[in-house]
Amino acid sequence: MRSLILFFVAIITLSCGQDKLPLLGDTEYQREMNANFKDAAKSPLTDADRKTFRSLDFFKFDSAYVVTAAFKRTPDEAPFKMKTTTDRLVDYVKYGEVDFTIKGEALKLNVYQDLDMVKELGEEDALFLPFMDNTNGEESYKGGRYVNVKLPKNNQMDINFNEAYNPYCAYNKKYSCPIVPTANILYTRIEAGEKDYIKQ
């Protein structure tokens, strides 16, 4: 009888161990992203995809893609309706421009502010940096990627492209995602951040 009990304890322990596999990812950011995608309350994945999910795929971390950009405020911009992947339109305003250099190449992007999000508690300093690059449709998602940035305290903005992420519509068609404006297409390869999602 004792042997039978020990057998069942071993089976239960093994089963629990399999349910709590270690989080994958080379950086804390990657491990946090994977944890969120496993969490039913936070994950954009369908229930079926979440059950088999192990890890997102990322480019290898590269410090060359952590930049301090020169920031220029553009205060006289008129609000506009940003197109999304559905019929929904979102109220944005161009907040400013950032100029930076990656691997010797001078680049420029517009930074936007979501006029509804900025009204939410805790989101007052949130800015939106969508971009497309020459990895789209190959290693990375065809619709481009986003980077979360904050209101700069001076004329500089820190941007970490290693934390570039896919819009939620890359994982689940129920989401409506802002489409990257043509002004934010980079005709170069940004080999950093999240790669295209492939179901596991």
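In these legends, contact means heavy atoms within 4.5 Å. The structure is a predicted model, in which local features need pLDDT of at least 70 and side-chain atom pairs count only at pLDDT 80 or more, while totals for chains, interfaces and linings use all residues. Residues are numbered from 1 along each chain as its sequence is written, and side-chain values use heavy atoms, with hydrogens and water left out.

**View 1. The surroundings of Thr74.** Thr74 sits in the loop between S1 and strand S2 (80–83), where helices (H or I, at least four residues) and strands (E, at least two) are DSSP runs numbered from the N terminus. Leaving aside neighbours within four places in sequence, Thr74 is in contact with Lys94, Tyr95, Gly96 and Glu97. The side chain of Thr74 reaches the backbone nitrogen of Gly96 at 3.3 Å. Thr74 counts as buried because its relative accessibility is 9%, buried being under 20% relative accessible area, exposed over 50% and partly exposed in between (1.4 Å probe, protein chains only).

**View 2. The largest nonpolar core.** A nonpolar core is a set of buried Ala, Val, Leu, Ile, Met, Phe, Trp, Tyr and Cys residues joined through side-chain atoms within 4.5 Å. The largest one has 23 residues, and those with the most contacts inside it are Val98, Phe100, Ile159, Phe161 and Ile190. Strand S1 (66–73), S3, strand S4 (105–114), S5, S6 and S7 each supply at least two residues of this core, and S3 gives the most, with four residues. Not counting residues up to four places away in sequence, Phe100 touches Val67, Ala69, Glu105, Ala106, Leu107, Lys108, Leu109 and Phe161.

**View 3. The second core.** A second, separate core of 20 residues includes Tyr29, Phe37, Leu45 and Met82.

**View 4. The largest pocket.** A pocket is an open set of points on a 1 Å grid over the protein atoms alone, where a 1.4 Å probe fits, with protein on both sides within 12 Å along at least five of seven lines; lining residues have an atom within 4 Å of a point. The largest pocket is lined by 36 residues, of which Met117, Phe128, Tyr146, Asn148 and Tyr165 lie nearest its centre. The elements that give two or more residues to this lining are helix H2 (28–38), strand S3 (89–102), strand S5 (126–131), strand S6 (145–150) and strand S7 (156–160), and S6 gives the most, with five residues.

Technical notes:
Polar contact = N/O pair within 3.5 Å; in protein donor to acceptor, adjacent residues only side chain to side chain.
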